[in-house]
Amino acid sequence: MSPKLSLLTLLCGAGLLLISGCGGGSSDAHPVTGKVHNGADLLKVANAEIGVGKVEVIFYRVNDAGKADESDPMSAIADPMTGEFSPGGPAGDGLPAGTYKVAVRQWDPYPSVDQLKGKFDAAHTPIELVVDGTKTIDIDLSQY
């Protein structure tokens, strides 16, 4: 085989690998949308528009011990006017399918005072949800 043909073959092969990807992508990611509230009330914070207060919804994969795996959190900030949130996940295209512990922090002011007093932080949250891409998530804190 000539050197030019070998180089062309090598370049074509490399191009095919780039096009097909290297596996392990986020093909298992599911867009997630939801709403967080406390009964009929939204979680209010002061001056959310300038970042003084914010409601954070954090998804933690459930590990084999049934606990929140805090090494890889995926979070979203809830819209202060609607309570709606949408975590982007590791690649920005949603969350991998699986079971998650969901923490909610009502920071006012951010990040020093959690108005929920840690009741829904990673260590204490009773909220556990399955993400499979089939439903909108409704988190009503009054149910916990």
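Predicted model: local features only at pLDDT ≥ 70, side-chain atom pairs only at ≥ 80, totals over all residues.

Student: Okay, in what order do the strands of the open sheet come?

Tutor: The order is S5-S2-S9, three strands with mixed pairing.

Student: And which ones stand at the edges?

Tutor: S5 (84-85) and S9 (137-140). Each has a single partner strand, so one side of each is left without a neighbour in the sheet.

Student: How do S2 and S9 pair, parallel or antiparallel?

Tutor: Parallel, over four bridges, with S2 covering residues 34-37. His-37 sits opposite Asp-140 in S9.

Student: New topic: how many residues are in the largest nonpolar core?

Tutor: It has 23 residues, and those with the most contacts inside it include Val-36, Phe-85 and Ile-139. Strands supplying at least two residues each include S3, S7 and S9.

Student: What does Val-36 touch, leaving aside its neighbours within four places in sequence?

Tutor: Its contacts include Leu-42, Val-57, Phe-85, Val-104 and Ile-139. There's also a second, separate core of five residues, among them Ile-58 and Tyr-60.

Student: Now salt bridges. How many are there?

Tutor: The count is four. In one of them, Asp-72 meets Arg-61 at 2.8 Å, N to O. Asp-72 is in the loop between S3 and S4, while Arg-61 is in strand S3, eleven residues apart.

Student: What about Asp-114 and Arg-105, buried or exposed?

Tutor: Both are buried, and their side chains form a salt bridge at 2.7 Å, N to O.

Student: And why does Lys-135 count as partly exposed?

Tutor: Because its relative accessibility is 49%, and exposed means over 50%. Lys-135 forms a salt bridge with Asp-132, with the closest N and O atoms 4.0 Å apart.

Key
Residues numbered from 1 in each chain as written. Heavy atoms only, no water. Pairing = 2+ DSSP bridges. Core = buried A, V, L, I, M, F, W, Y, C linked by side-chain atoms within 4.5 Å. Buried < 20%, exposed > 50% of the residue type's maximum accessible area, 1.4 Å probe, protein only. Contact = heavy atoms within 4.5 Å.
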